[in-house]
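Colleague: Could you walk me through this chain? I would like to go through it question by question.

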Amino acid sequence: MEIEQKYLIKDLFSKVDDQTIQELDGAELEFGGWVKANRFFGDVGFISVNDGSCFGSLQVVYKSTMADAVACRLGCSISCKGVLKYTPEAKQPFELEANEVTLVGGVDDSYPLQKKKTSFEYLRDYPQWRMKTNTFNAVFRVRSTLAYYIHQYFHKKGYYWIHTPILTANDCEGEGQTFDVYADKKHPEEFFNKDNVHLTVSGQLHVEPFALAYGKVYTFGPTFRAEKSNTVRHAAEFWMIEPEIAWAHLSDLCDIEEDFLKFVVKNTVEECKQDMAFFSQWVDKDLMARLDSFVNTPFRRVKYEEAIEALQKAVKEGHQFEVNDIQFGLDLGSEHEKYLTEVVYKGPIFLTDYPKDIKAFYMKQNADGKTVGAVDLLVPGIGELCGGSEREVSYEKLRARMEELGMKLEAYDWYLDLRRSGSIPHSGFGLGFERLVMLVTGMLNIRDTLPYPRCYKDMQF
Ligand code: 4AD
Ligand code: MG
């Protein structure tokens, strides 16, 4: 069955951008969408209709004798036919003079959206509706566009996308913060002949073998953490992008990470002009300046030890952190990360060479015996955006570290095997997708970047 053809509002706006909109002046066109506003003054009325193809709406001008048009209110779906008018002098460069407006779906009294501003928190109770508000309509469009440019970047650079599993018996980050999976609660081992199957916390262990066969690969999929963190940056289900690159050492990894993020942010901001204009007017006035600096300023590279010294200096000079005992070995909290990016370095920083005791088992062991080749990208307002490392490729060293940490080696045999045959240096990182969406939209809560957020103590719908 063919679906009814409608003209997309997005195509009107692109014709404005490339200055060909005059061609449509006088054309008979048909649109369909949802009513954002309806006003009338005497004989004429104006419906603002949005079809979701872009942020902008179409103004439909109608005669008050058109009963369906008069009856439309916020949230109704309509179909309308009419003549497009090019209106260069008006606020909107075009409008539709309607010949026909059909009310397709009315709204009943349970519809929660109103013309007045509603809080993001209130809207979290309505995931079925909130994407019809200006803010969320823009958020999920930007989210989709970011995903597109992520794939485009990797495709252009010769990476292959590997679909790593969601069910696994490994715990990549070794933190034990996993959600268990079984078919039968009473006999958890029955289905897989294993009682330690859970949802993956990261695709890294499963993508590394592919990097050692294809050279450049990445994952992009959902990951799950049973971390009891009730913060604005932690979700129990979030999406992660994890490139893994053969032959790359730590500094190459930083180069790639920076180039990748700048490409994705720059292209998304350019493509989502209307959405970005909305965010900078209504969500965060400094957004465009911040993103401009993100795209155009080199990220500083700072060693963990230097960062500790900078924090110690701050304490000496009277700054109070909640955790004020700053020593080598401290797992930096968000207050420290915030201070480093916002006060000390005033911009994104790659923080490298962390103490091995606060990082995962797979990271390259540095010659000093106490640090590893780790890198976290810390960003003002967000904190940790990416976490990654060069990988330990020596079989003996990796195995010794795993033993030291008391890991069950049987579960990781297959992974350790990589270091026995055809092993090469390689590095990778993980980007938290929702934190990237927060960065680009200026939204302050991760719950407002996920279509259906799943967070600690918060799982509806
Ligand atoms: O730093 P993480 O734990 O690194 C890894 O999982 C590595 N295996 C990645 C790799 O090297 N391939 O997580 C990576 C990123 C973090 O920097 C953060 O942006 C995001 O994932 N992240 C979360 N985002 C939302 N909610 C959570 N609970 C998150 N935990 C991590
Ligand atoms: Mg991390």
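Predicted model: local features only at pLDDT ≥ 70, side-chain atom pairs only at ≥ 80, totals over all residues.

Colleague: Is glutamine 19 buried or exposed?

Modeller: The cut-off for exposed is over 50% relative accessible area. Glutamine 19 has a relative accessible area of 65%, so it counts as exposed.

Colleague: Thanks! Where is lysine 457 found?

Modeller: Most residues other than glycine have a negative phi. Lysine 457 has a positive value, near 60 degrees. At 71% relative accessibility, lysine 457 counts as exposed. Lysine 457 is found in the loop between β16 (454–455) and β17 (458–459).

Colleague: Now for the strands: in what order does the closed barrel of 5 strands run?

Modeller: The chain as a whole has 13 helices and 17 strands. The pairing in the closed barrel is mixed, and the twist averages 50 degrees from one strand to the next. The order of its 5 strands is β1-β2-β3-β5-β4.

Colleague: Do β11 and β12 run parallel or antiparallel?

Modeller: Lysine 303 stands opposite threonine 352 in β12. Strand β11 (residues 300–303) is joined to β12 by 4 bridges, and the two run parallel.

Colleague: Which residues does arginine 300 touch, not counting those up to four places away in sequence?

Modeller: The place of arginine 300 is in strand β11. With a relative accessibility of 46%, arginine 300 counts as partly exposed. Not counting residues up to four places away in sequence, arginine 300 touches Tyr345, Pro348, Ile349 and Phe350.

Colleague: How many residues of helix α13 are buried?

Modeller: Buried means under 20% relative accessible area. Among the α13 residues that are buried are Phe433, Glu434, Arg435 and Leu436. Just after α13, glycine 442 takes a positive phi of about 85 degrees. The helix, residues 433–441, is mostly covered, and the number of its residues that are buried is 9 of 9.

Colleague: Stepping back to the chain, what percentage of contacts between residues at least 6 apart in sequence join residues at least 24 apart?

Modeller: Along its principal axes the C-alpha trace spans about 80 × 60 × 40 Å. Buried residues make up 50% of the 461 residues. For contacts between residues at least 6 apart in sequence, the share joining residues at least 24 apart is 68%.

Colleague: Last one: how far apart are the mean positions of the positive and negative charges?

Modeller: The chain exposes about 23,100 Å², with carbon and sulfur atoms supplying 51% of it. There are 54 positive and 70 negative charges, and the distance between their mean positions is 2 Å.

Methods:
Residues numbered from 1 in each chain as written. Chains lettered and ligands numbered in written order. Heavy atoms only, no water. Buried < 20%, exposed > 50% of the residue type's maximum accessible area, 1.4 Å probe, protein only. Contact = heavy atoms within 4.5 Å. Areas by Shrake-Rupley, 256 points an atom, 1.4 Å probe, with all protein chains shown as cover. Lys, Arg positive; Asp, Glu negative; His and termini not counted. Charge placed at Lys NZ, Arg CZ, Asp CG, Glu CD. Pairing = 2+ DSSP bridges. Axes fitted to C-alpha atoms, helices over the stretch in contact; angles between N-to-C directions.
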